[in-house]
Amino acid sequence: MSNHMQNLEFDKTKGRFTALFTIWLLGNGTLFAWNSIITIGDYYASLFPMYHPMKALTFVYQSFALVTTAILAYHEARLNTRCRNLLGYSLFFSSSLGLIVLDLATMGKGGLGIFIGVCIASAVFGVAGGYVAGGMVGDISLMCPELIISFMAGFAAAGTLTATLRLVTKSAFESSDDGLRKGAMLFLTISTSFELICVFLYAFIFPKLPMVKYYRAKAASEGSKTVTADLAAAGIQLSTNVAAAMEDPNQFERLSNKELLLQNIDYVLDIFLIYVLTLSIFPGFIAEDTRSHSLGSWYTLVLITMYHVWDLVGGYVPLLKPVKLVSRKGLIFASLSRFLFIPAFYFTAKHGDQGWMIMLTSVLGLSHGYLSVCIFSEAPKGYKGPEQNALGNLLSAVLTAGIFLGIGLSWLWLIGKGL
């Protein structure tokens, strides 16, 4: 292994932009399929008006995602990351394709049986999200911060792309017959194609990038078993001594998940609060602003698009080192201060015009993307490869729990309003 490390030392900066773009696409693929379902929610609402489809589908997706992410985070050290991520992207592809086949087979008709089929697809999306999100975040956590930032930016870009495409399809199909269904089929077709691209990228391109090979080889030399299959796919075989040492638990001591959790409890709390706050406001609160606006039916779409655009911008801001927040106390303060958005949104919805709401939504997205990337890129520093992978999985599980609780709080607010 040491010979490999010496050779790779000279290669780790080769293909840097290819690596950043590839990981950006893979980050995009982690959420693109599910965001497509959210974006075509109006189509499913028209098909299944009696079943509150978006609430039901979101609950199914988040439940399966949370359980899957938590289980895999607990067992992360024994998992084959290559198989895990390939299975996740393949499930995204097959489930997106399944929704197209289901719609074509039923000629776009509703009914309980069809709704159950869509719910099953949503559950598969949740399982896929649990496999890919933790697997990818854990994997890139043992690499350099640039790759983490690029992945998280891709994560945010999925929302930006789907929201932008929704604006285009709404404009193109709004006046046509069966416009909702045409837009929905276009979204699902794009989603299916994109997820298939992600399967091929992860299977054949990503593991062979010099930058990725270097960091995975480094992690293996520190005792990480999760990267061995990807190293083999890249043509790197572990030396007999290293392979034998990996089987001896005394050779590579690492912190337990509990110890990692306790040492990073502030980062854990930060991520949890960031996602609880964001998802308690977006998109539920924003979508239910039913006042009359000059933008009319475009108002909610514009808000959603602005959130995603600024979330994407916020994810890239930490690349500017002078403005990157690295202080752990500063991150806690910033995460807690975001709860001021709750009264701000409430009073803006009551008394402000659409310009103020667009600005506030943009700041919500900017702060969400910025703080998320700051935390995910800072937390793994100072740990060995296996510990970085474990910490990435733990943070992903906490992130999913925050989303789940945030959506739950949003629903409670809507129920309280009688919506």
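Residues are numbered from 1 along each chain as its sequence is written, and side-chain values use heavy atoms, with hydrogens and water left out. Because the model is predicted, local features need pLDDT of at least 70 and side-chain atom pairs count only at pLDDT 80 or more, while totals for chains, interfaces and linings use all residues.

The chain contains 19 helices and zero strands; helices (H or I, at least four residues) and strands (E, at least two) are DSSP runs, numbered from the N terminus. Of the 419 residues in the chain, 54% are buried, where buried means under 20% relative accessible area, exposed over 50% and partly exposed in between (1.4 Å probe, protein chains only). Among contacts in the chain with a separation of 6 or more, 84% are between residues 24 or more positions apart; contact means heavy atoms within 4.5 Å.

Two cavities of 30 Å³ or more were found in a search of the whole structure. A cavity is a set of points, on a 1 Å grid over the protein atoms alone, where a 1.4 Å probe fits but cannot get out, and lining residues have an atom within 4 Å of a point. Grid points are joined across faces, edges and corners, and a volume is the space filled by probe spheres set on the points. The largest cavity has a volume of about 50 Å³. Its lining consists of Tyr 44, Leu 47, Phe 48, Leu 99, Leu 102, Asp 103, Thr 106, Lys 109, Ile 114 and Val 118. At least two lining residues come from each of α3 (41-47), α5 (81-105) and α6 (112-141), and α5 gives the largest share, three residues. By class, seven residues of this lining are nonpolar, one is polar and two are charged; Ala, Val, Leu, Ile, Met, Phe, Trp, Tyr, Cys and Pro count as nonpolar, Asp, Glu, Lys and Arg as charged, and the others, Gly among them, as polar.

The second largest cavity holds about 40 Å³ of space. Glu 76, Leu 79, Thr 81, Arg 84, Gly 135, Thr 226, Asn 389 and Asn 393 form its lining, to which α5 and α19 (385-416) give two or more residues each. This lining has one nonpolar, five polar and two charged residues. Leu 79 is in the loop between α4 and α5 and is partly exposed, at 24% relative accessibility. Apart from neighbours within four places in sequence, Leu 79 is in contact with Leu 72, Arg 84 and Thr 226. The C-alpha atoms of Leu 79 and Lys 225 are 8.0 Å apart in space, although the two residues are 146 residues apart in sequence.

The whole structure contains 17 aromatic pairs. Rings of Phe, Tyr and Trp (its six-membered ring) pair if their centres lie within 6.5 Å; planes under 30 degrees apart count as stacked, over 60 as edge-to-face and the rest as tilted. Phe 21 and Trp 24 form a stacked pair, with 6.1 Å between centres and 10° between planes. These two residues are three residues apart in helix α2 (residues 16-39), and are therefore separated by about one helical turn. Trp 24 is buried, at 18% relative accessibility. Tyr 51 and Phe 115 are also stacked, at 5.0 Å centre to centre and 20° between the planes. Tyr 51 lies in the loop between α3 and α4 (53-74) and Phe 115 in helix α6, so this pair ties together parts that are 64 residues apart in sequence. Tyr 51 is partly exposed, at 32%, whereas Phe 115 is buried, at 9%.

In the loop between α5 and α6, Gly 108 is buried, with a relative accessible area of 17%. Outside four places in sequence, Gly 108 is in contact with Tyr 43, Leu 47, Asp 103 and Arg 181. Met 107 lies in the loop between α5 and α6 and is exposed, at 58%. Most residues other than glycine have a negative phi. Phi of Met 107, however, is positive, near 60°, and phi of His 52 is positive, near 45°. His 52 lies in the loop between α3 and α4 and is exposed, at 54%.

Methods. On a 1 Å grid over the protein atoms alone, a cavity is a set of points where a 1.4 Å probe fits but cannot get out, and a pocket is an open set with protein on both sides within 12 Å along at least five of seven lines; lining residues have an atom within 4 Å of a point.
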